Amino acid sequence: HIRRPNVQLVNEFGAILESDRHGLVEMAGPLALAHLVQRTCYLAGNAMSDERRQCVRELSDVWAEKYFKKFTETEDQQEKLMAISFLTNLKSVKAKELLKPVAYGEYPGVDDQIQAKAVRAAFWGTVYTQSTIDFYLPIFINMQNGHGARIAAIDQIF
């Protein structure tokens, strides 16, 4: 267990993951990295502190954008799901903002499974911005959205 993760550890771990990797590291590594980033910023200070805001801006948001870029640049379903899982583990407002078009069914080429996963991934961002109902109700109400995405949206509200 790592009690006090820091930016240097995140950067070194990220460099290992970006190198050629195979097997379990390829699957579990990004999820562990996202958790490491999330914990590093969580431990930087209370939610309103300048230290936490700086960490989120300079570390968490940067990794969120990196993995959303991976999501947008791949056609492979498993890689898209891995990128969304990474964003889920970040538990960030930036992840919610980036995934909003996917969650709303506005992103082209996304099936119901990926949309539902994006709906769930945005949850913590809505909690932090106190916008859970405002974010999820339109997804549930929109009859164009698939069954899985609509159920995921109503599930997040309750």
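Helices here are DSSP runs of H or I with at least four residues, numbered from the N terminus. With that in hand, α5 is followed by G105, whose phi is positive, near 80 degrees. Keep in mind that this is a predicted model, where local features need pLDDT of at least 70 and side-chain atom pairs count only at pLDDT 80 or more, while totals for chains, interfaces and linings use all residues. Residues are numbered from 1 along each chain as its sequence is written, and side-chain values use heavy atoms, with hydrogens and water left out.

Let's stay with α5 for a moment. This helix covers residues 93–103, and its buried residues (under 20% relative accessible area with a 1.4 Å probe, protein chains only) are A95, K96, L98, L99, V102 and A103. What do the buried residues of α5 pack against? They pack against α3, α4, α6 (112–121), α7 (123–128) and α8, with contact meaning heavy atoms within 4.5 Å.

Now for the helix pairs. Two packed helices are described by the angle between their axes and the distance between the axes. The axes are lines fitted to C-alpha atoms, for helices over the stretch in contact, and the angles run from 0 to 180 degrees between N-to-C directions.

Take α3 and α4: their axes sit 8 Å apart at an angle of about 165 degrees. The two are therefore roughly antiparallel to each other, a label that goes to angles over 145 degrees, just as roughly parallel goes to those under 35. α3 passes α4 in a left-handed crossing, so named if the near helix is turned anticlockwise from the far one by less than a right angle, with clockwise giving right-handed. On the α3 side the contact uses S60, W63, A64, Y67, F68 and F71, and on the α4 side K80, A83, I84, F86, L87 and L90. By class that is 10 nonpolar, 1 polar and 1 charged, where Ala, Val, Leu, Ile, Met, Phe, Trp, Tyr, Cys and Pro count as nonpolar, Asp, Glu, Lys and Arg as charged, and the others, Gly among them, as polar.

The loop between α3 and α4 (77–90) holds T74. This threonine is buried, at 9% relative accessible area. Setting aside neighbours within four places in sequence, T74 is in contact with E79 and K80.

Further along, the axes of α8 (residues 132–141) and α9 (residues 147–157) come within 8 Å and cross at roughly 150 degrees. That makes α8 roughly antiparallel to α9. The crossing of α8 past α9 is left-handed. α8 brings T132, I133, Y136, L137, I139, F140 and I141 to the contact, and α9 brings A149, R150, A153, I154, Q156 and I157. These residues divide into 10 nonpolar, 2 polar and 1 charged.

α9 also packs with α6, at an angle of about 10 degrees and with the axes 7 Å apart. That makes α6 roughly parallel to α9. Their crossing is right-handed. Here D112, Q115, A116, V119 and R120 of α6 meet H147, G148, A149, A152, A153 and Q156 of α9.

Finally, the covalent link. C41 and C55 form a disulfide (cysteine sulfur atoms within 2.5 Å), with the sulfurs 2.2 Å apart. C41 lies in α2 (residues 24–42) and C55 in α3 (residues 50–73), so the pair ties together parts that are 14 residues apart in sequence. The S-S torsion is about -80 degrees, so the disulfide is left-handed. C41 is buried at 3% relative accessible area, and C55 is buried at 11%.

Note on methods:
Parallel < 35°, antiparallel > 145°, perpendicular 65-115°, else oblique. Buried < 20%, exposed > 50% of the residue type's maximum accessible area, 1.4 Å probe, protein only.
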